[in-house]
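Please look through the model below with its ligand in view.

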Amino acid sequence: MNLDFYKYQGTGNDFVMIDNRTLTFPKENIAHIAKLCDRNFGVGADGVILIENDTDFDFRMIYFNADGSETFCGNGGRCAVAFAKHLEIITSKTSFIAVDGPHLATIENGIVSLKMIDVDEIILKENSVFAYTGTQHHVELVDNLDNFPVFEKGKEIRYSYSAPGSNVNFAQKINETTFRVRTYEKGVENETLACGTGVTAVAIAMHKTGKTTSNLISLPVEGGDLEVTFSEKDGIYTNVFLKGPATFVFKGNLKI
Ligand SMILES: N[C@@H](CCC[C@H](N)C(=O)O)C(=O)O
């Protein structure tokens with residue numbers, strides 16, 4: 001089949017976006033997903049996002065990692081909002097559904113603010129924190145992020161969790177409200193330039209462990225700047241918002 005696709009990126013986390021409101025994309029065939037994401041033989045991306053119709057929400061977002069595994073993606077969610085606006089499904093506000101549940105979002109001048117799920121699954125470990133922010137995240141503070149072996153250590157930790165494993169975020173405290181983050185993503189099996197659910201996990205982990213008392217955290221990542229805000233009561237994090245740019249890169253057509 002001939003496939004029309006769009007490429008979007010959110011702070012360097014990049015995605016092939018497909019308007020699948022006609023349900024013609026063969027999503028059960030993960031070879032197509034892997035090929036689209038292949039940076040040598042395909043379009044090249046960290047994941048594939050399908051936009052489909054839904055009876056109760058503006059649209060349904062379906063996210064596949066580059067290896068074809070399905071989960072939620074925060075930066076992907078922000079790009080899905082920008083793409084839905086381009087498709088004229090929404091204007092500046094939306095309520096959409098994804099694999100982890102419903103999401104609200106707004107878009108203004110290319111900046112998307114996305115409401116994440118409430119976060120109540122937070123496990124404090126000796127030198128790390130695990131948090132579920134729509135997908136699995138391990139968070140660890142390090143001193144020198146520039147020279148940290150993110151790929152090697154990330155891969156080791158990713159497989160130390162039972163299936164489906166965990167994404168692994170290494171964070172460095174810059175000041176009371178700013179934490180720099182580098183992430184190894186499962187499903188991509190590499191370091192990516194940004195991870196939205198990952199920086200959300202970092203912000204919450206830093207607050208939970210007393211590394212900050214702020215509920216507005218700036219999170220510089222390799223591909224740009226993200227921001228996370230939240231409310232906290234009795235250890236449960238609500239009104240969690242992930243904010244940052246979501247940008248169209250190019251569109252194309254290819255035979256799959
Ligand atoms: N980059 C994403 C997370 C994508 C999913 C992740 N690789 C997983 O398998 O959990 C984000 O922006 O949240």
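On a 1 Å grid over the protein atoms alone, a cavity is a set of points where a 1.4 Å probe fits but cannot get out. A molecule sits in a cavity if more than half of its atoms lie within 2 Å of its grid points. Here, the largest cavity is the space taken by the ligand. This is a predicted model, in which local features need pLDDT of at least 70, side-chain atom pairs count only at pLDDT 80 or more, and totals for chains, interfaces and linings use all residues. Residues are numbered from 1 along each chain as its sequence is written, and side-chain values use heavy atoms, with hydrogens and water left out.

Strand E4 (60-65), helix H2 (74-86) and helix H4 (196-208) are the elements that give two or more residues to the shell around the ligand; helices (H or I, at least four residues) and strands (E, at least two) are DSSP runs, numbered from the N terminus. Domain 1 (2-114 + 246-250) and domain 2 (122-243) both contribute residues to this shell, so the ligand lies between them. The domain bounds come from an automatic or database domain assignment.

A polar side-chain atom of Asn 13 is 2.7 Å from a ligand nitrogen atom. A polar backbone atom of Asn 75 lies 2.9 Å from an oxygen atom of the ligand.

Pro 164 belongs to the loop between helix H3 (150-158) and strand E12 (167-175).

Terms used: Polar contact = N/O pair within 3.5 Å; in protein donor to acceptor, adjacent residues only side chain to side chain. 1 Å grid on protein atoms, 1.4 Å probe; cavity = no way out; pocket = protein on both sides within 12 Å on 5 of 7 lines; lining within 4 Å.
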